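Good morning, and thank you for coming. I would like to walk you through one structure, from a single side chain to its cores and its ligand. Please look at the display first.

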Amino acid sequence: MRIGICCYPTYGGSGAVATELGLSLANSGHEVHFVSYARPARLTGFHPRVTFHRVTVTPYPLFKYPPYDLALASLLRDVSESRELDVLHVHYAIPHAVSAVLARDMLGTRRPAIVTTLHGTDITIVGADRAYFRPTLYGIERSDAVTTVSQWLRQETMRFFRPTRAIEVIPNSVDVSRFRPSEAQELRSAVATAGEFVLSHVSNFRPVKRVADVVRIFARVAAQVPARLLLAGDGPEIAVAREAAEACGVAERVHFLGEQEDVERVYQASDVFLLPSEHESFGLAALEALACGVPVVGCRSGGLPEVVRDGETGFLVEDGEVEVAAQRCLELLRNGARRAEFGRAAREDAVRRFAEREIVARYVETYERALAAR
Ligand code: GMT
């Protein structure tokens, strides 16, 4: 197939999911065209059968808000036509689904099937906003197939948007050959001495991630056992994390790593991964940690319970339960055998339920069904 993939070019989240999927599809012989305003962060190096198409938005003094959505629709139309795309798979509803529908409407008789994958905040935060609710619903209704990354997100979409169409759940996947346990410990030995535990958190530092809680949990842990906290990623709440580290008196034990290209090294250097978000539709970072054999302590809300098995591959706590989360971390840190058992179970479960091969095959089936239905 010839497949267009439209996504945000982010380091993690939907951008990472879309890029890994596109690369897998190309590896199995499909022709893949990425469309975004910048080269997706995980699209590095040369890949046969992969092309990146950059959206450029022409500025004009009249435009206080240059219309990215139209520039994107125009490029999606052109790429669909010139590359004879069979499928346009858009990740994150706003504005991608609407731009794809517009692109299809601007084409002649040869039109690609549009597959939209909803990732989370496109439904729960952005889509729920009055300004974007109707366009989000329109994009969902007009796509040829719609998928969500968790059962929870499907239920939320059904409950809030009440679409008339079916929505399929295809969970996110992980490249288990890249995200795997490793004995190489350069990062750990660079930040921690022997006998110090390492906790970590990887995110885009948005308010929904509750990064201050990450630091508070760590501070309670560090008050009991020698420990370090690795924070990888960047975003608007980075200052909040720094302030929390100062306020909790652990600033010199918290390491701000910024965005990491080889993010697997952060997980591999960790004893426990923290994700106490307000909610996660899925929690890709948690899955990547599990695949590296690292237990996760996170929130019970959203789709995270579909990823982390409470009491087997990690622990889930209620919203804001900082003290309970710290106790759960300490349970794992103080009992090496238990931690190792959780780590083994985490790796096994990630490989069994979320390995890329099976999940990518499910997307291909969805593409085929969407094409046949059209
Ligand atoms: O977390 C974000 O704000 C970004 C967002 C995205 O689109 O990149 O993440 C969402 O999609 C990820 C990939 O499917 C999920 O793993 C995250 O759980 C989800 N974030 C939230 O629901 C907050």
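Predicted model: local features only at pLDDT ≥ 70, side-chain atom pairs only at ≥ 80, totals over all residues.

Let me begin with one polar contact, a pair of N or O atoms within 3.5 Å; within protein, one must be able to donate a hydrogen and the other to accept it, and residues adjacent in sequence count only if both atoms are side-chain atoms. A polar atom in the side chain of Ser270 lies 2.6 Å from the backbone oxygen of Val266. Residues are numbered from 1 along each chain as its sequence is written, and side-chain values use heavy atoms, with hydrogens and water left out.

Ser270 sits in the loop between helix H10 (264-268) and strand E11 (272-275). Helices (H or I, at least four residues) and strands (E, at least two) are DSSP runs, numbered from the N terminus. Ser270 is buried, its relative accessible area being 8%; buried means under 20%, exposed over 50%, and partly exposed in between, with a 1.4 Å probe and protein chains only. Setting aside neighbours within four places in sequence, Ser270 is in contact (heavy atoms within 4.5 Å) with Arg188, Val198, Ser200 and Val294.

I turn now to the nonpolar cores. Such a core is a set of buried Ala, Val, Leu, Ile, Met, Phe, Trp, Tyr and Cys residues joined through side-chain atoms within 4.5 Å. The largest one has 45 residues, and those with the most contacts inside it are Val202, Tyr267, Phe273, Leu304 and Val308. Helix H11 (residues 284-291) supplies the largest share of this core, six residues. Apart from this core lies another, of 34 residues, including Ala245 and Val322.

Which residues does Val308 contact, leaving aside its neighbours within four places in sequence? They are Ala286, Leu290, Val296, Thr313, Gly314, Phe315 and Leu316.

Next, some backbone features. The peptide bond from Ile94 to Pro95 is cis, with omega near -5°. Pro95 belongs to the loop between strand E4 (87-91) and helix H3 (96-105). Helix H3 is largely enclosed by the rest of the structure, because seven of its ten residues are buried. Those buried residues pack against strand E1 (2-6), helix H2 (68-82), E4, strand E5 (113-118) and helix H5 (130-142).

For Arg162 the value is about 45°, and for Phe205 it is near 50°. Is each of them buried or exposed? Arg162 counts as exposed, at 66% relative accessibility, whereas Phe205 is buried, at 0%. Phe205 is found in the loop between strand E8 (197-202) and helix H8 (211-222).

Finally, the ligand. It is surrounded by 19 residues, each with a heavy atom within 4 Å of it, and the closest are Ser14, His119, Asn172, Glu280 and Ser281. Helix H1 (residues 13-27) gives the most to this shell, with three residues. A polar backbone atom of Ser14 is 2.7 Å from an oxygen atom of the ligand. A polar side-chain atom of Asn204 lies 3.2 Å from a ligand oxygen. Thank you for your attention.
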